[in-house]
Amino acid sequence: MEQTNRVEEFYKKLRINLEEQHNFPENYLYKFILINDSERLAEIYRIFDGLEYSITTNESSNAKYISCSISCFVLDADHVIRLYKEVAKIDGVIMLSILMKTIV
């Protein structure tokens, strides 16, 4: 229960920061790090399928991890958060954001 409350509070703070620092609709940059697994990467692609986006991936020097940057056209802060929540369901994906660092 405590974990659920922390997650809800996190997304509440994220929404506030997004609304203060962005002028939606706009392109939003998502950054993820994941284990170098084509199936996990495909799951991320499926989440953004049907949206206007561009993606860049890079393997780590030992090829164990992949960094994934996705620039995606979003309508508002809720749209950003919905996509983050979908990606959060994928095991082993680390979500990066300057905004996230400031509110965690």
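Tutor: Two strands are said to pair if DSSP finds at least two bridges between them. Helices (H or I, at least four residues) and strands (E, at least two) are DSSP runs, numbered from the N terminus. The model is predicted, so local features need pLDDT of at least 70 and side-chain atom pairs count only at pLDDT 80 or more, while totals for chains, interfaces and linings use all residues. Residues are numbered from 1 along each chain as its sequence is written, and side-chain values use heavy atoms, with hydrogens and water left out.

The sheet is open and has four strands, in the order β2-β3-β1-β4, with antiparallel pairing. At its edges are β2 (53-59) and β4 (93-96), each of which pairs on one side only. From one strand to the next the twist averages 20 degrees; axes here are lines fitted to C-alpha atoms, for helices over the stretch in contact, and angles run from 0 to 180 degrees between N-to-C directions.

Strand β1 (residues 26-35) is joined to β4 by four bridges, and the two run antiparallel. Across from phenylalanine 32 stands methionine 95, in β4.

Two helices come next. Helix α2 (residues 38-48) lies across β1, β2, β3 (65-74) and β4, and runs at about 160 degrees to β1. Helix α3 (residues 77-88) also packs on the sheet, where it touches β1, β3 and β4, and its direction makes about 10 degrees with that of β1. Contact means heavy atoms within 4.5 Å.

Now the rings. Rings of Phe, Tyr and Trp (its six-membered ring) pair if their centres lie within 6.5 Å; planes under 30 degrees apart count as stacked, over 60 as edge-to-face and the rest as tilted. The structure holds eight aromatic pairs. Tyrosine 28 and tyrosine 30 form an edge-to-face pair, because their ring planes are at 75 degrees, with the centres 4.8 Å apart.

Buried means under 20% relative accessible area, exposed over 50%, and partly exposed in between (1.4 Å probe, protein chains only). Tyrosine 28 has 4%, so it is buried, and tyrosine 30 is buried at 0%.

Leaving aside neighbours within four places in sequence, arginine 40 is in contact with Leu34, Ile35, Ile90, Asp91 and Gly92.
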